[in-house]
Amino acid sequence: MSTDVETGHYSQSSQVENGAACIPDAISFSESKSSGTRFAIMLSAIIVGVTAGTLFNTQMSSALTGMFLSLTLIGGFLSTWSPCGYSSLSLLRPAGQYSLGSVARWTPTFITHAIGYAIGALMLGGALGLVGAFLFEQLAFSHMVIGLAALSMAYGAHQLGFLRMPYPQRRAQVPHDARFRFRSSTIGLLYGYALGMNYLTYVQTPILYIVTGAALLSADVTTAITIIAIFNIGRFLPVAVNFLPVTNQSVQAWLAKWQERAVELDGFLLLSIGAAALTMLTL
């Protein structure tokens, strides 16, 4: 069973290539809302952003850093609302009936999953930092902020259905058949690495592109790794729900219930933070 990206509901019809379900391109769930409602969300996001940019203009550097780091962490969490988020939550679960013993036996899987994310952050962040150091070392900070803010607002409009932006992704989930070939802790490591690389599987949120751009334009390996690591922490933390006595069905139902709201929050954050950054630079 897989998740239908267009509707947010489960589907039996996804194609499978090399053990991984093939996912269609990102489609805005918010298009189920009227254009008036979506425009109101977009306008309110811009107003909030302009207001915040005006209020915090005198602390521009710290305010921009705080907003970006918040966007990065929340963006990682919002990536849970995607097929691979569903997969990692449902496939990496304690075996058998819930008990302290089953959770204890599952804990190594949780740890190896975290290690996989860390490896992904090191590899992706390191590569972005090295390329950025070679190409963008002389880029002015204001130019970087303007570029990322404009991109952020464009993808915010994309999420609300007003603009179509490029969405380069590998349209695949983590390989579900791995659970038949490896023990749980190994699967946790493999899934963590695949998801931690962020471009090996489908990611629902375009916040990933802002994070990638910031890591690249930072032109510094340590900074780039840190940025990707923060995003990955947001991606990884929801798996901790498996420590709780909740059923897989209840978790999946909760995700499905709030999936459209997650996309709207995605768009709101991208628009408001982009507008705030541009406002700070122009005042």
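Predicted model: local features only at pLDDT ≥ 70, side-chain atom pairs only at ≥ 80, totals over all residues.
**View 1. The largest pocket and the helices around it.** Let's start with an open space of about 470 Å³, the volume of the largest pocket. Its lining counts 23 residues, and Leu64, Phe68, Met144, Leu148 and Ala214 are the closest to the pocket's centre. Helices H2 (60-78), H5 (141-159), H7 (207-217), H8 (221-236) and H10 (259-282) each bring at least two residues to this lining. H2 gives the largest share, seven residues. Sorted by class, the lining holds 16 nonpolar and seven polar residues, with no charged ones.

**View 2. The largest cavity, with H3 in its lining.** Here you can look into a space of about 60 Å³. Eleven residues line this cavity, and the closest to its centre are Thr80, Gly85, Ser88, Tyr117 and Arg235. Helix H3 (residues 83-91) contributes the most, four residues. Six of the lining residues are nonpolar, four are polar and one is charged.

**View 3. The second largest cavity, with H10 in its lining.** This space comes to about 30 Å³. Around it you will find Leu78, Trp81, Gln204, Thr205, Ala262, Val263 and Asp266. H10 supplies the largest share of the lining, three residues. The lining divides into four nonpolar, two polar and one charged residues.

**View 4. Helix H4 crossing H8.** Finally, follow H4 (residues 100-135) to where its axis comes within 7 Å of the axis of H8, at a crossing angle of roughly 145°. The crossing is right-handed. Residues in this contact comprise 14 nonpolar, six polar and one charged.

How values were computed: Residues numbered from 1 in each chain as written. Heavy atoms only, no water. 1 Å grid on protein atoms, 1.4 Å probe; cavity = no way out; pocket = protein on both sides within 12 Å on 5 of 7 lines; lining within 4 Å. Points joined across faces, edges and corners; volume = space filled by probe spheres on them. Nonpolar A, V, L, I, M, F, W, Y, C, P; charged D, E, K, R; others polar. Axes fitted to C-alpha atoms, helices over the stretch in contact; angles between N-to-C directions. Left-handed = near helix turned anticlockwise from the far one by under 90°.
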